[in-house]
Structures are given as C-alpha cells and as structure tokens.
Amino acid sequence: MSDIPACPRCAMENTYPDGDNYVCADCGHEWPIAAQAPAGEAAPVVRDVNGNVLNSGDTVTVIKDLKVKGSSIPLKQGTLIRNIRLVEGDHEHIEGNSDKIKGLVLKVCFLRKA
C-alpha cells in the first residue's frame, strides 16, 4: 500500500509526487506535499465568507436573502444566527437558529462573523 494520498478533489488514487506537489493524473489537480497532515490529527477549519475562523457558540450574520426549504419565511440579509454549532466532519456547513426559524443548516459562504 502506498503512502501517497488520494486526490482531494476527485478522490481517485491515481496520484504521484512531482517536486513539491502531488499531482492527480485523472483530473490534473495539484496540491502541496507539505500541507498534508497525518490522518486524524487536524480537523478542517471552518471560515466565513471573509476568511474569519468560526467556532461553536459564535454569532454570524446572513449576507444575502436566502430561501428556506420547508418554510414560507425567508432569511433576510442581516439576520443574526446566534450560538452556532459546527457540523462534525463538514467545514462548509453550520447549524443554528434564528429568531423565527429553528433548526437551520447553513452554508458558510452566505455568512459573516458578527
């Protein structure tokens, strides 16, 4: 078994080292060898649209009007989501509640740290 990791973009194992980078022969994606952390040590960091690190318990602001599935009430721009919870193993989503809608799962690309 090889210690060369699978491609993070397409998950194919047809990868090889090339200088300071790994290269995927299937999709052409390149990523640095030095950035590879041993498995299980570093959890992905959750960042908002401006690049600020988000932690559980933070307050975030919605940056654009969003339609909410299963609700007739949209989330308006500027709505505060208090006491967010990070989704385990997913650095693109958070869980939280607004004043009117409970049990939201939101993408961090629509949020700004308040």
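**Pocket, cysteines and salt bridges**

The lining of the largest pocket splits into seven nonpolar, one polar and three charged residues. Here Ala, Val, Leu, Ile, Met, Phe, Trp, Tyr, Cys and Pro count as nonpolar, Asp, Glu, Lys and Arg as charged, and the others, Gly among them, as polar. Bear in mind that this is a predicted model, where local features need pLDDT of at least 70, side-chain atom pairs count only at pLDDT 80 or more, and totals for chains, interfaces and linings use all residues. Residues are numbered from 1 along each chain as its sequence is written, and side-chain values use heavy atoms, leaving out hydrogens and water.

**Exercise 1.** Work out how many disulfides there are.

*Solution.* Take a disulfide as a pair of cysteine sulfur atoms within 2.5 Å. By that rule, the count is zero. For Cys7, the nearest cysteine sulfur belongs to Cys27, 3.7 Å away, which is too far for a bond.

**Exercise 2.** Find the salt bridges and say which parts of the chain they tie together.

*Solution.* Look for a side-chain nitrogen of Lys or Arg within 4 Å of a carboxyl oxygen of Asp or Glu. The whole structure holds two such salt bridges. One pairs Lys113 with Asp58, closest N and O atoms 3.5 Å apart. Lys113 sits in strand S8 and Asp58 in the loop between strands S3 and S4, so this pair ties together parts 55 residues apart in sequence. (Strands are DSSP runs of E, at least two residues, numbered from the N terminus.) Glu95 pairs with Arg85 at 3.6 Å between the closest N and O atoms; that links strand S6 to strand S5, 10 residues apart in sequence.

Technical notes
Helices (H or I, at least four residues) and strands (E, at least two) are DSSP runs, numbered from the N terminus.
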